[in-house]
Amino acid sequence: MNRLIRCFALCLPLLLAACATTGSSSAPPVPKADVQAVTTYHIGVDDQLQITVWHNPDLSVSVPVRPDGKITVPLIGDVTAGGKTPDEVSSEIKDRLQSYIRDPQVAVILIALRSNEYLSRVRVTGAVRSPISIPYRQGMTVLDAVLAAGGITEFAAPDRTELYRKGDGGSTTSYSVHLDKILQKGDLANNYPVQPGDVITVPQRAF
């Protein structure tokens, strides 16, 4: 018993902190345009880059960004790409190639944005047939995400579904979603648009 009391005493501050950072809202969530659209893309691990050096096809390569954030470019070796913009990587490659080539013209093009897929995702958990983490797509709604998870199970309590969204400062706000009305009656009033980072949780009903 004493061990249980000590365990509860240790966990209580964590539980209180979690409650303090999570609130509920009766107002519908409004997706932020600046979250959905990326104005300046920073290269990440697993992104695929096309490096083109004008009039030098032997130096033009397609390379993935390694786990250490670097790429390998012929003649100059490793170049740090992770966390930089394509223009910044292009500028560095150009500067280093000037020791070998007169006035090199370098272009860095993103041909596969694989790292962004892990950051811009929507997750569906709880009483769904296939809990899932899916890439965000423009125009995606709660219903789209739930259907991608295979729909709800027979044990679900769809009327208690919650949409969790992180806000400024790291706080999380929950929004009630009457998923039963969406699925059974076609009432789309709660079929909210989602944004990257959202988590939709469908709880199980009490027996």
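Reader: What does the accessible surface of the protein chain come to, and how much of it belongs to carbon and sulfur atoms?
Author: About 12,400 Å², with 56% belonging to carbon and sulfur. Keep in mind that this is a predicted model.

Reader: How many of the residues count as buried?
Author: 35% of the 207 residues in the protein chain.

Reader: And the secondary structure, what does that come to?
Author: Six helices and 11 strands. Among contacts between residues at least 6 apart in sequence, 54% join residues at least 24 apart.

Reader: Where is confidence lowest and where is it highest?
Author: The lowest is helix H1, residues 2-20, with a mean pLDDT of 42. Strand S11, residues 199-202, is the highest at 97. The chain average is 84, and 79% of the residues score at least 70.

Reader: How many contacts beyond four places in sequence does the model have for residues 1-21?
Author: Two, and pLDDT stays under 50 over that stretch.

Reader: Moving on to H3. What should its 12 residues span, and how far apart are the end C-alpha atoms?
Author: At 1.5 Å a residue, helix H3 (residues 86-97) should span 16 Å, and the end C-alpha atoms are 16 Å apart, so the two agree.

Reader: Which of the H3 residues are buried?
Author: Pro 86, Val 89, Ser 90, Ile 93 and Leu 97. Viewed down the axis of H3, they fall within an arc of 100°, so they line one face of the helix.

Reader: What covers them?
Author: The cover includes four strands: S2 (48-53), S4 (70-73), S5 (77-80) and S6 (106-112).

Reader: Core next. Which residues touch the most other members of the largest nonpolar one?
Author: That core has 23 residues, and the ones touching the most other members are Val 122, Val 142, Leu 163, Leu 179, Val 194, Ile 200 and Val 202. Two or more residues each come from strand S7 (121-126), helix H5 (142-148), strand S10 (172-177), helix H6 (179-185) and S11. H5 gives the largest share, four residues.

Reader: Take Leu 179. What is it in contact with, leaving aside neighbours within four places in sequence?
Author: Val 142, Val 146, Ile 152, Pro 158, Thr 161 and Val 202. There is also another core, apart from the largest one, with 19 residues, among them Leu 49, Leu 97, Ile 101 and Val 106.

Reader: Thr 141, then: buried or exposed?
Author: Buried, because its relative accessibility is 15% and the cut-off is under 20%. Thr 141 sits in the loop between strand S8 (132-135) and H5. Beyond four places in sequence, Thr 141 is in contact with Asn 191, Tyr 192, Pro 193 and Val 194.

Reader: Last one: how far apart are Ser 99 and Ile 76?
Author: 23 residues in sequence, and 9.4 Å in space, C-alpha to C-alpha. Ser 99 is in the loop between H3 and S6, and is exposed, with a relative accessible area of 65%.

Technical notes: Residues are numbered from 1 along each chain as its sequence is written. This is a predicted model: local features need pLDDT of at least 70, side-chain atom pairs count only at pLDDT 80 or more; totals for chains, interfaces and linings use all residues. Side-chain values use heavy atoms; hydrogens and water are left out. pLDDT is the predictor's confidence in each residue, from 0 to 100. Contact means heavy atoms within 4.5 Å. The expected span of a helix is 1.5 Å times one less than its number of residues. Buried means under 20% relative accessible area, exposed over 50%, partly exposed in between (1.4 Å probe, protein chains only). The arc is that of the directions from the helix axis to the C-beta atoms. A nonpolar core is a set of buried Ala, Val, Leu, Ile, Met, Phe, Trp, Tyr and Cys residues joined through side-chain atoms within 4.5 Å. Accessible areas come from the Shrake-Rupley method with a 1.4 Å probe; for residues, only the protein chains shown count as cover.
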